[in-house]
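Student: I'd like a close look at one part of this protein, please. Could you walk me through it in one connected answer?

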Amino acid sequence: MAELLTLEAYLDQWAGDDAGRRGVAKTILAMCEAGRAIAAIVGRGALEGNMAAAIGGNAGGDTQKALDLRTHEMTLEALKDAPVARVGSEEADDVAVLDADAPLAVAMDPLDGSSNIETNVSIGTLFGVLPNIGEDTFLQPGSAQLAAGFIVYGPATALVLTVGEGTQIFMLERGSDKFLRTHADVKIPEKTKEYAINASNVRHWDAATRSYIDDCLAGETGPRAKNFNMRWVGSLVADVFRILIRGGVYLYPGDGRDGYGQGRLRLVYECSPIAFVCEQAGGAATDGRTRILDIVPSKLHARCPLVAGSAEEVERFGEYHAKPAGKGASSPLFAKRGLFLA
Ligand SMILES: O=P(O)(O)OC[C@H]1O[C@](O)(COP(=O)(O)O)[C@@H](O)[C@@H]1O
Ligand SMILES: [Mg+2]
Ligand SMILES: [Mg+2]
């Protein structure tokens, strides 16, 4: 195999002599330094003790597990060596101020997929790098992100990264502990026959979501005229990694459960980094009505519905919302006949 580009070399080429870019590069490298250490811990599984032990609750009302807090502390510590003023984390109610005059800020979900910790299923770390504009830093829309990405701790530890010039994938090489680029300028296939949604929530979905999924389920004799497959890992990072490689669409819509009107995911440190990565890979991301990167967060921990992945499918989901009574692209025949609506 030809020699693969290291993460350091990729960032060096991108940043050149530009001081602003060098700061962003340093921040990404700090996140990856933490990622390497987290990968080592995750790779030991239960040998590390009970990483899934419940130890409290976070601002979003989720149970906080031991690994949630440990990864929060590890990433925060690593970022102290970067030009980062503020860190907004899923695992801290308030923004952490490191050096108020530094030019950058990091929004992060230090441990994504917490419900999978003890099950030996892929989990990860998400981050977005923003300009530091003071107290309103995390109220900037995702389009203000200078870089974003995520690390997946799976069979391989993988880094997905965008600095606004395409989306790159690096794998952590065991032994050398280097991130090496394996996928340059990855492109999400525009069309797909695969979707990812937690279908146990079907009774809580709105008409548009039901209608969209019904039409997928109807298969080749339905309005979509093709048979769909379904995959749901339950870790956003792992589901989106699959989508980057072979296409598909990830959906976490708002639903009727208490506290789920805006879905489950957080806009600033989950939806926005995913949206930046997907768009840079030729895909798209919406809340059903608005492009994710255009949404102005109301607060650091605001939730937001997310539909992301193959561009054509994301657009189609939006059409179901735009049409009256959520009938979307279904013919009247199929809209009435959905499997879930029996
Ligand atoms: O358990 P559910 O409702 O299917 O939700 C799963 C989703 O929630 C998340 O775990 C939320 O992220 P956290 O684990 O960081 O809270 C996503 O990774 C995942 O896609
Ligand atoms: Mg998460
Ligand atoms: Mg998390």
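Where does UniProt place the feature "binding site"?

Tutor: Happy to. Please keep in mind that this is a predicted model. The UniProt record, an unreviewed entry, puts the feature "binding site" at D109, D112 and E270. These residues span 162 residues in sequence, yet no two of their C-alpha atoms are more than 8.7 Å apart, so they gather at one spot.

Let's begin with D112. This residue sits in strand 5. D112 has 28 other C-beta atoms within 10 Å, and because 20 or more are enough to count as buried, D112 is a buried residue. If we set aside residues up to four places away in sequence, D112 touches I123, G124, T125 and L126, and also S235, L236 and V237.

Now for E270, which belongs to helix 6, residues 267-280. E270 is buried too, with 26 C-beta neighbours inside 10 Å. Apart from its neighbours within four places in sequence, E270 is in contact with D109, L126, L236 and L265. D109 is itself one of the positions in the UniProt feature, so here one annotated residue touches another.

The protein is divided into domain 1, residues 7-183, and domain 2, residues 194-341. Taken over C-alpha atoms, the centres of domain 1 and domain 2 are separated by 25 Å. Between them, 37 residues of domain 1 are in contact with 28 residues of domain 2. On the side of domain 1 that touches domain 2, the elements giving two or more residues are strand 5 (104-112), strand 6 (123-131), strand 7 (147-153) and strand 8 (157-162). Strand 6 provides the largest share of that side, with five residues.

Finally, a look at another element, helix 7, residues 311-322. At 1.5 Å a residue, its twelve residues should span 16 Å, and the end C-alpha atoms are 17 Å apart, which agrees. Its buried residues include A311, E313, V314 and F317. Among the elements covering the buried residues of helix 7 are helix 4 (207-217) and strand 13 (249-252).

How values were computed
Residues are numbered from 1 along each chain as its sequence is written. Chains are lettered from A and ligands numbered from 1 in the order in which they are written. This is a predicted model: local features need pLDDT of at least 70, side-chain atom pairs count only at pLDDT 80 or more; totals for chains, interfaces and linings use all residues. Domain bounds come from an automatic or database domain assignment. Two residues are in contact if their C-beta atoms, placed from the backbone, lie within 7 Å. Helices (H or I, at least four residues) and strands (E, at least two) are DSSP runs, numbered from the N terminus. UniProt positions are given in the numbering used here, feature names are shortened, and annotations may be inferred rather than shown by experiment. A residue is buried if 20 or more other C-beta atoms lie within 10 Å of its own, exposed if 12 or fewer, and partly exposed in between; C-beta atoms are placed from the backbone. The expected span of a helix is 1.5 Å times one less than its number of residues.
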